[in-house]
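Colleague: Please pick one part of this model and take me through it closely. After that, show me how it sits within the rest of the chain.

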Amino acid sequence: MINWERRRRNIKILCAAHDVNPTQVALAMDMSPNTLTKFLNSKTPRGVNQRTLALILEYFNLADEADLDTDNPLSDPKIALRRIIDNLSPEDAIVLNRELQNRFTQK
């Protein structure tokens, strides 16, 4: 189940870290200015649709929805790893995959 409260908190953290407000983010992503503000200020467990979520991820340079489900989106090492993986060449991805499998596979 999606924890929208955590995602709301993390988007607020990201806004503060990037020194922007929700309206600025919405306008930069061609969303209605109220879309993000209403979501972030909601007292009910409401979410946002997939398109809006994708735009938020793009704005904050996040690779996956899971990046909003962390305890702290600014310092989670898995987010940094996803960014590295996303930028790997196919050849390097194969090599790294083998190395990680050898290191972390249960024996």
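**Asn-10 and its surroundings**

Modeller: Leaving aside neighbours within four places in sequence, Asn-10 is in contact with Leu-68, Asp-69, Thr-70, Asp-71 and Pro-73; contact means heavy atoms within 4.5 Å. This is a predicted model, in which local features need pLDDT of at least 70 and side-chain atom pairs count only at pLDDT 80 or more, while totals for chains, interfaces and linings use all residues. Residues are numbered from 1 along each chain as its sequence is written, and side-chain values use heavy atoms, with hydrogens and water left out.

Asn-10 belongs to helix H1. A helix here is a DSSP run of H or I with at least four residues, a strand is a run of E with at least two, and both are numbered from the N terminus. Asn-10 counts as buried because its relative accessibility is 0%. The cut-offs are under 20% relative accessible area for buried, over 50% for exposed, and partly exposed in between, with a 1.4 Å probe and protein chains only.

One of the contacts of Asn-10 is Leu-68, which lies in the loop between H4 and helix H5 (77-86). Leu-68 also has 0% relative accessibility, so it counts as buried. Not counting residues up to four places away in sequence, Leu-68 touches Arg-6, Arg-7, Asn-10, Ile-11, Leu-14, Leu-53, Leu-57 and Leu-62.

Glu-5 lies in helix H1 and is partly exposed, because its relative accessibility is 48%. Glu-5 and Gly-47 are 42 residues apart in sequence, but 8.9 Å apart in space from C-alpha to C-alpha. In the loop between H3 and H4 is Arg-46, which counts as partly exposed because its relative accessibility is 38%. Apart from neighbours within four places in sequence, Arg-46 is in contact with Trp-4, Arg-8, Lys-38 and Phe-39.

Asp-19, in the loop between H1 and H2, has a positive phi of about 55 degrees although it is not a glycine. Asp-19 counts as exposed because its relative accessibility is 68%. Asn-61, in the loop between H4 and H5, has a positive phi near 60 degrees and is likewise a residue other than glycine. Asn-61 is exposed because its relative accessible area is 53%.

Further along, Asn-87 occupies the loop between H5 and helix H6 (90-104). Asn-87 is exposed, since its relative accessible area is 67%. From C-alpha to C-alpha, Asn-87 and Asp-76 are 18 Å apart, and they are eleven residues apart in sequence.

The whole chain can now be put around these parts. The chain has six helices and zero strands. Of its 107 residues, 28% are buried. Among contacts with a separation of 6 or more, 53% join residues 24 or more positions apart. The C-alpha atoms fill a box of roughly 50 × 25 × 25 Å along the principal axes. The radius of gyration is 16 Å, whereas a compact globule of 107 residues would have one near 13 Å; this radius is taken over C-alpha atoms, and the globule rule is 2.2 Å times the number of residues to the power 0.38.
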